[in-house]
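Here is a short briefing for someone new to this structure. Take a look at the model before reading on.

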Amino acid sequence: MKRTSIYGLFRAFIVTCLLALPTTVSANVVKLTSGEWQPYISKSLKEGGFVTQLVKEAFESQGYTVEFVYMPWKRSFEEAKSGLYDGSIVWSKTDEREEHFFYSHPIVVLKDAIFQRKDKPIRWSSRNDLTQYTIGGVLGYSYGLEDLESDNGWKIRRVSSPESNYQKLAAGRLDGVLEDLNVGKQTINEMELGGQLEPAEQILSEREYHVIISKASPRAQELFEVLNKGLKQLVDEGKADQYLEATLRGEYQ
């Protein structure tokens, strides 16, 4: 009886450990949404692009594995906001977003530009001057101009595909397109529109971009702290700058 009892206890202990294993493993898996934003982020780029690589390495340095799920930007935001995923990459800060997300340390600082036709440049000295133009943007993106939309009734013409904006601009159906400077340059070159379109000389803004961790995630505070610790290590090692420079040299293509 004693031998049987010991065997039974041992078997129960092994079963308990095995049942606990998947939970332990899944607890170390972080699920993040992402959109397509070349040359920074894309499932077609090496390592998923430099931003994806940086976030992956930050979590891995702390013992976590990351799964990236690609979807349109608006859906990417909403599904992370609801807690279906732990967070999303990468986003600038807005008051509305901060209600629902913790923001990581900045990953990169990027320049927002207005792309225009070379034969019909946009003239503006203040942001309010932009309200006289028909400007295109992408659904789910924040351009730091939302106050102009709410206060003046001006509207950014948003679509799901950035490429369609440049087609409309080249055809004269838009006066300008809002876009990250490097992203826009790459897009018009790929579309062979470099002879017609260009970024305006005046930069619209410079903004920091972050990983956002959903406050609806049951591990929100834990993941926020873990990510920031990992990011700080990589930034201190100069990895963030190295990866961005490699991106601009085309090494992730």
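How much space lies in the largest cavity? The answer is about 170 Å³. This is a predicted model.

**The cavity**

- Searching the whole structure turns up 1 cavity of 30 Å³ or more.
- The largest cavity is lined by 15 residues. Closest to its centre are Trp37, Val90, Tyr141, Ser142 and Tyr209.
- Three strands each give at least two residues to the lining: E3 (87-91), E8 (176-180) and E10 (205-214).
- By class, the lining holds 7 nonpolar, 3 polar and 5 charged residues.

**Helix H2 against helix H9**

- Two packed helices are described by the angle between their axes and the distance between the axes.
- Helix H2 spans residues 50-60, and helix H9 spans residues 239-248. Their packing angle is about 155°, and their axes are 9 Å apart.
- Angles over 145 degrees count as roughly antiparallel, so H2 is roughly antiparallel to H9.
- H2 and H9 cross in a right-handed way.
- On the H2 side, the contact uses Phe50, Gln53, Leu54 and Glu57. On the H9 side, Lys239, Ala240, Tyr243, Leu244 and Thr247 take part.
- The contact of H2 with H9 comprises 5 nonpolar, 2 polar and 2 charged residues.

**Helix H2 against helix H8**

- H2 also packs with helix H8, which covers residues 220-236. Here the angle is about 110°, and the axes lie 8 Å apart.
- The range from 65 to 115 degrees counts as roughly perpendicular, so H2 is roughly perpendicular to H8.
- H2 brings Leu54, Glu57, Ala58 and Phe59 to this contact. H8 brings Leu223, Val226, Leu227, Gly230, Leu231 and Leu234.
- The contact of H2 with H8 has 8 nonpolar residues, 1 polar and 1 charged.

**Backbone details**

- Most residues other than glycine have a negative phi, and most peptide bonds are trans.
- Which residues does a cis peptide bond with omega of about 10° join? They are Gln38 and Pro39. Pro39 sits in the loop between strand E1 (29-34) and H2.
- The peptide bond from Ile89 to Val90 is cis as well, with omega near -25°. Val90 belongs to strand E3, and it is among the residues closest to the centre of the largest cavity.
- Glu47 is not a glycine, yet its phi is positive, at about 60°. Glu47 lies in the loop between E1 and H2.

How values were computed:
Residues numbered from 1 in each chain as written. Predicted model: local features only at pLDDT ≥ 70, side-chain atom pairs only at ≥ 80, totals over all residues. Heavy atoms only, no water. Axes fitted to C-alpha atoms, helices over the stretch in contact; angles between N-to-C directions. Helix = DSSP H or I, 4+ residues; strand = E, 2+ residues; numbered from the N terminus. Parallel < 35°, antiparallel > 145°, perpendicular 65-115°, else oblique. Left-handed = near helix turned anticlockwise from the far one by under 90°. Contact = heavy atoms within 4.5 Å. Nonpolar A, V, L, I, M, F, W, Y, C, P; charged D, E, K, R; others polar. 1 Å grid on protein atoms, 1.4 Å probe; cavity = no way out; pocket = protein on both sides within 12 Å on 5 of 7 lines; lining within 4 Å. Points joined across faces, edges and corners; volume = space filled by probe spheres on them.
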